[in-house]
Amino acid sequence: MNGANLDDLVDLLGRWASGRGPLYLLLAARLRALIDDGVLPPGQPLPPDRVLARRLAVGRGTVVAAYDLLQQESRVVRRQGSGTRVAELHLPATRTADGVPANPLLQHILHPPDDVALLTCAAPQDPPPAMFEAYAEAGERLARVRDLGYQPAGNPALRAALAAYYTGRGVPTAPEEIVVTTGAQGALTLLAGLLVSPGDTVMTQTPTYPGSLEVFRHAAAVVRSAASIEDLRERPALAYFVPTARNPDGAVMDHPSRRRLAELAVRHDVPLIDDEVCAELCFSGETPPPLAAFARGEQVITVGSLSKLVWGGLRVGWIRAAAPLASRLARLRAVHDLGGEIFSQYAAVALLRRLDEVRAWRVGKLRARHDHLCAELRARLPSWTFEPALGGQTIWVRIPRGDVDSFSQVALRHGVAVPPGRSFDPVGGHADHMRLHFLFPEEELSRAVNNLAVAWASFDGAGRTVSRHTLVV
């Protein structure tokens with residue numbers, strides 16, 4: 001990069017160091033925004049470490065750490081002898097109606113590609129009949145309401161229903177310990193905003209739900225993977241685990257490990273998020289107890305949602321936390337948006353009352369489709385390896401050669417969009433893995449596997465990785 005381009009970059013960085021937290025995180029956050037917005041295009045060379053450090057009046061280690069973090073996220077490529085460049089982007093460009101380029105992270109949701117089976121988004125698209133009846137009941141109930149509808153902590157009826165739900169699962173809960181959110185993603189964003197400061201360490205499992213990683217990175221946290229639950233002894237600012245029907249592999253943590261994890265969080269005073277979004281989707285028919293059932297301390301926080309059990313468009317989630325924390329979260333929620341939409345919350349009350357019925361309907365479909373997908377993969381792609389899921393909506397598949405970033409581009413040309421494994425790893429590992437969901441009907445799953453098999457036959461294991469991935473849920 002010549003002097004003029006260096007000047008341009010410094011201008012683009014602007015007041016990058018004016019925020020809170022370590023300088024390398026602030027620099028990485030600003031560069032990340034420039035890359036994701038397309039201001040720094042794929043292939044763009046970035047200044048050498050020493051050159052940029054000298055110009056920004058920081059230590060070389062600050063620039064090195066920022067570049068290394070962006071490399072873990074697949075946003076830049078660093079090679080000895082050729083320097084640092086923005087990673088290549090192979091996703092087709094899309095534009096909104098007003099001509100503004102769409103963020104590639106959102107393109108498969110905002111602008112679904114034609115004739116492509118989206119295995120990137122694991123959310124049910126077929127609501128159960130009970131949902132429509134629940135909304136009818138909600139309409140009748142809402143007609144009797146005389147209220148402004150601004151309820152930052154959530155509708156009282158839903159908070160009471162959720163408190164009863166957790167009490168029934170062995171965790172005595174009061175309505176004051178419930179905060180209703182816009183889906184589980186809203187819950188994670190709210191928790192990160194309150195509990196995480198720039199530079200804090202957040203510890204997660206590997207692999208894990210990629211939406212959580214984006215939330216924690218947005219909070220300028222340092223995201224680390226836990227080699228084991230014993231790593232909580234290191235006392236991170238926050239820990240995030242998905243012990244039940246984990247996204248992406250459908251694993252279920254055993255009871256002794258649950259107890260140990262909860263006890264470590266309490267003993268070392270580590271706020272621990274227990275993501276239970278898929279907890280009601282266990283194929284055994286039994287829902288394991290939440291982590292809060294094993295430790296009565298205030299450190300264990302539970303997050304849930306109806307989006308995976310009922311329908312992706314039902315944006316009702318919640319946080320179960322100690323009353324003082326729940327009160328702080330509600331006040332923060334009020335600042336953001338004054339609270340969620342009440343009509344859906346009334347419907348959620350009706351759906352929780354019919355939970356057994358809805359669960360049986362959804363799990364029966366998922367179990368059959370899971371078995372069908374596994375059988376199709378074994379028949380058409382015997383070299384791919386995976387463990388059957390114990391619950392949830394997805395399996396975790398390993399390919400025997402190459403990386404999934406490159407293969408995903410071949411698969412896309414054959415009509416299937418798959419999420420690469422590195423999206424699920426806080427340090428960018430698992431490049432040879434992908435997550436496949438089994439939410440489609442059997443005939444659609446067969447068609448998707450057939451197209452993947454054709455794509456695999458033409459894949460030579462070569463190719464360059466992409467700089468950004470589609471939004472993964």
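Here is a short walk through a helix, a helix pair and a loop arginine. The model is predicted, so local features need pLDDT of at least 70 and side-chain atom pairs count only at pLDDT 80 or more, while totals for chains, interfaces and linings use all residues. Residues are numbered from 1 along each chain as its sequence is written, and side-chain values use heavy atoms, with hydrogens and water left out.

Let's start at helix α3, residues 49-56, where D49, L52, A53 and L56 are buried (under 20% relative accessible area; exposed is over 50%, partly exposed in between, with a 1.4 Å probe and protein chains only). Helices here are DSSP runs of H or I with at least four residues, strands are runs of E with at least two, and both are numbered from the N terminus.

Next, look at α7 (residues 156-168), whose A157, L158, A161 and L162 meet Q345, Y346, A348, V349 and L352 of α12 (contact means heavy atoms within 4.5 Å). The residues of this contact divide into eight nonpolar, one polar and no charged (Ala, Val, Leu, Ile, Met, Phe, Trp, Tyr, Cys and Pro count as nonpolar, Asp, Glu, Lys and Arg as charged, the others, Gly among them, as polar).

Finally, R422 lies in the loop between β14 (416-417) and β15 (433-437). At 17% relative accessibility, R422 counts as buried. Its C-alpha is 9.5 Å from that of D403, 19 residues apart along the chain.
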